[in-house]
Amino acid sequence: MTHNKETKEMIIPIEFKRLFDTDWREAAVYGGRYSLKSHTVARVLLIKARQSKIRAACFREFQNSIADSSYQLLVELIKEYNLGDFQITNNSIINTINGSDFIFKGLWNNEQSIKSIEGIDIAWVEEAQTVSEKSLEVLTPTVRKPGSQIIYTYNRLLEEDPVHKRLVLEGRPNTLIINVNYDIALKYGMMPEVIRLEMEDDKKKRPGLYRHKWLGEPHNIERKIYKDWQIIDEIPHEARLERYGLDFGYSNDPTSIVAIYKY
């Protein structure tokens, strides 16, 4: 989208084009590092804010100051693409032509302030893997304008992070799922060589870190609680030993020393 002769075109990878559609209510955009999640969503919001008047609310679980928000990324893109129709203040961004505005809020322990926000057309929740169930319960009814939408961008910490559990594992009506990884940055020539070398080194020498950091996989054994387990007579010979563990628990526990196998 262009504004004047000096404005560069903002490229939106085809994998994210569905973010412009209106047939979804919530969108889970998740994956590893350098999957262009945040930069692309920021571009989408800026384009939408130029097409028509909208109120865009940018949230994070923790935001002690504007520096902790998505504000700086949006400002950098406005300057990079020479979007002269945006006015940048100390704590907001406003389109001077149609009145679109961006506001920035933290969700944690900020229930009353969040509930009082009116007229949100589109909400962007960055670093959504840290968002609590309580914050989600406050946020979703707040974004209540007809046709309003919520985009969550995140890199999973655990398989059952509240936002991932809500949108992907359990599912909600009219949910858009976009799972992306660093191959998009490679495809569009947007990964610096120094980052590519770091990724390749992690892939070769640190496979666990590579899967979490670059492929967006959750931490799978550490901090995981196993439920509905059964007692068996013997370990199948095909099972692979993953590791030993020691957990004294909080009572007389006959399984304080454990061996974890994958079968």
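This is a predicted model: local features need pLDDT of at least 70, side-chain atom pairs count only at pLDDT 80 or more; totals for chains, interfaces and linings use all residues.
Me: Which strands form the open sheet, and in what order?
Reply: Eight strands form it, in the order β3-β4-β5-β2-β6-β7-β1-β8. The pairing is mixed.

Me: Which strands stand at the edges?
Reply: β3 (86-88) and β8 (175-180). Each has a single partner strand, so one side of each is left without a neighbour in the sheet.

Me: And how much are neighbouring strands turned against each other?
Reply: By 20° on average, with direction ignored.

Me: What holds strands of a sheet together, in general?
Reply: Strands pair through backbone hydrogen bonds, either parallel or antiparallel.

Me: Take β4 and β5. Parallel or antiparallel?
Reply: Antiparallel. Strand β4 covers residues 93-95 and strand β5 covers residues 101-106, and two bridges pair them. In one of the bridges, Ile 93 has Phe 102 of β5 as its partner.

Me: Now β6. Which way do its side chains point?
Reply: Strand β6 covers residues 122-125. Ile 122 and Trp 124 point one way, while Ala 123 and Val 125 point the other way. In general, side chains in a regular strand alternate between the two faces of the sheet.

Me: Are those four buried or exposed?
Reply: All are buried.

Me: How many bridges join β6 to β2, and how many to β7?
Reply: Four join strand β2 (residues 55-60) to β6, and the two run parallel. Four also join β6 to β7, again running parallel.

Me: Which bridge partners does Trp 124 have?
Reply: Cys 58 is paired with Trp 124 of β6. Trp 124 is also paired with Ile 151 in β7.

Me: Let's switch to helices. Which strands does α5 lie across?
Reply: Helix α5 (residues 162-170) lies across β1 (26-31), β7 (149-154) and β8. The helix runs at about 115° to β1.

Me: What salt bridge does Arg 166 make?
Reply: Its side chain meets that of Glu 26, at 3.0 Å from N to O. Arg 166 lies in helix α5 and Glu 26 in strand β1, so the pair ties together parts that are 140 residues apart in sequence.

Me: Why do Arg 166 and Glu 26 count as buried?
Reply: Buried means under 20% relative accessible area. Arg 166 is at 16%, so it counts as buried. Glu 26 is at 3%, so it does too.

Me: How many salt bridges does the structure hold?
Reply: It holds 19.

Me: Where do Arg 196 and Glu 193 lie?
Reply: Both lie in helix α7 (residues 193-205), three residues apart, about one turn of the helix. Arg 196 is partly exposed, at 27% relative accessible area. Glu 193 is also partly exposed, at 46%.

Me: What does Glu 198 pair with?
Reply: Lys 213, with the closest N and O atoms 2.5 Å apart. Glu 198 lies in helix α7 and Lys 213 in helix α8 (residues 207-213), so the pair ties together parts that are 15 residues apart in sequence.

Me: Which residues are linked with them in a network?
Reply: Asp 201, Asp 202, Lys 205 and Arg 206 are linked with Glu 198 and Lys 213 in a network of salt bridges.

Me: Last one. Which residues form the nonpolar patch?
Reply: Ile 235, Leu 241, Tyr 244 and Tyr 261 form it on the surface, with about 410 Å² of accessible area together. Tyr 244 sits in strand β9 (residues 240-246). Tyr 244 is exposed, with a relative accessible area of 60%.

Conventions: Residues are numbered from 1 along each chain as its sequence is written. Side-chain values use heavy atoms; hydrogens and water are left out. Patches are made of residues with over 30% relative accessible area and no salt bridge: like charges are joined within 9 Å, nonpolar side chains (Val, Leu, Ile, Met, Phe, Trp, Tyr) within 5 Å. Accessible areas come from the Shrake-Rupley method with a 1.4 Å probe; for residues, only the protein chains shown count as cover. A salt bridge is a side-chain nitrogen of Lys or Arg within 4 Å of a carboxyl oxygen of Asp or Glu. Buried means under 20% relative accessible area, exposed over 50%, partly exposed in between (1.4 Å probe, protein chains only). Two strands pair if DSSP finds at least two bridges between them. Axes are lines fitted to C-alpha atoms, for helices over the stretch in contact, and angles run from 0 to 180 degrees between N-to-C directions. Contact means heavy atoms within 4.5 Å.
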